[in-house]
Amino acid sequence: MVTAPYIPGAEDEPIHLSHHAGQEIDHVISGRLRFAFEDHVEDLGPGDTVYYDSGRGHGMVAIGGEPCTFLAIVLHDETAR
């Protein structure tokens with residue numbers, strides 16, 4: 001479980017993109033999340049889920065004036081190590 005804090009003004013700034021090995025599934029539990037995947041940006045709410053290659057640029061910030069809690073599952077290919 002991850003809680004992204006709401007930081008005033010962050011939703012108006014470019015989202016910092018991270019990269020790490022594997023694939024990721026993020027499922028929003030509460031609050032709202034602005035999710036960026038490379039040059040695509042999507043606003044997510046409770047019940048929304050995204051699945052992506054986490055080796056490509058991705059990032060997120062809480063929006064709407066409150067923190068966002070989401071379940072993050074990162075899948076790694078153990079045979080690739």
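Predicted model: local features only at pLDDT ≥ 70, side-chain atom pairs only at ≥ 80, totals over all residues.
**View 1. An aromatic cluster formed by Phe35, Phe37 and Tyr52.**
The model contains 2 aromatic pairs. In one of them, the ring centres of Phe35 and Tyr52 are 4.9 Å apart and the ring planes meet at 45°, so the pair is classed as tilted. This pair links distant parts of the chain, since Phe35 belongs to strand β3 (residues 32-37) and Tyr52 to strand β5 (residues 49-53), 17 residues apart. Both Phe35 and Tyr52 are buried. Together with Phe37, these two residues make up one aromatic cluster.

**View 2. The hairpin of strands β3 and β4.**
Strand β3 is joined to strand β4 (residues 40-44) by 5 bridges, and the two strands run antiparallel. Arg34 has Asp43 in β4 as its bridge partner. Between the two strands of the hairpin there are 2 residues. In this hairpin, Glu38 adopts a positive phi near 55°. In a regular strand, side chains alternate between the two faces of the sheet.

**View 3. The salt bridges of the model.**
Side chains of opposite charge can pair when their charged atoms come close. The structure holds 2 salt bridges. One is formed by Arg34 and Asp43, whose closest N and O atoms are 2.6 Å apart. Asp43 has a relative accessibility of 33% and therefore counts as partly exposed. Another salt bridge is formed by Arg56 and Glu38, with the closest N and O atoms 2.7 Å apart. This second pair links distant parts of the chain: Arg56 lies in the loop between β5 and β6 (58-63), whereas Glu38 lies in the loop between β3 and β4, 18 residues apart. Arg56 counts as partly exposed because its relative accessibility is 37%. Glu38 is also partly exposed, with a relative accessible area of 36%.

With a relative accessibility of 35%, Ile73 counts as partly exposed.

Terms used:
Residues numbered from 1 in each chain as written. Heavy atoms only, no water. Phe/Tyr/Trp six-rings, centres within 6.5 Å; stacked < 30°, edge-to-face > 60°. Helix = DSSP H or I, 4+ residues; strand = E, 2+ residues; numbered from the N terminus. Buried < 20%, exposed > 50% of the residue type's maximum accessible area, 1.4 Å probe, protein only. Pairing = 2+ DSSP bridges. Salt bridge = Lys/Arg side-chain N within 4 Å of Asp/Glu carboxyl O.
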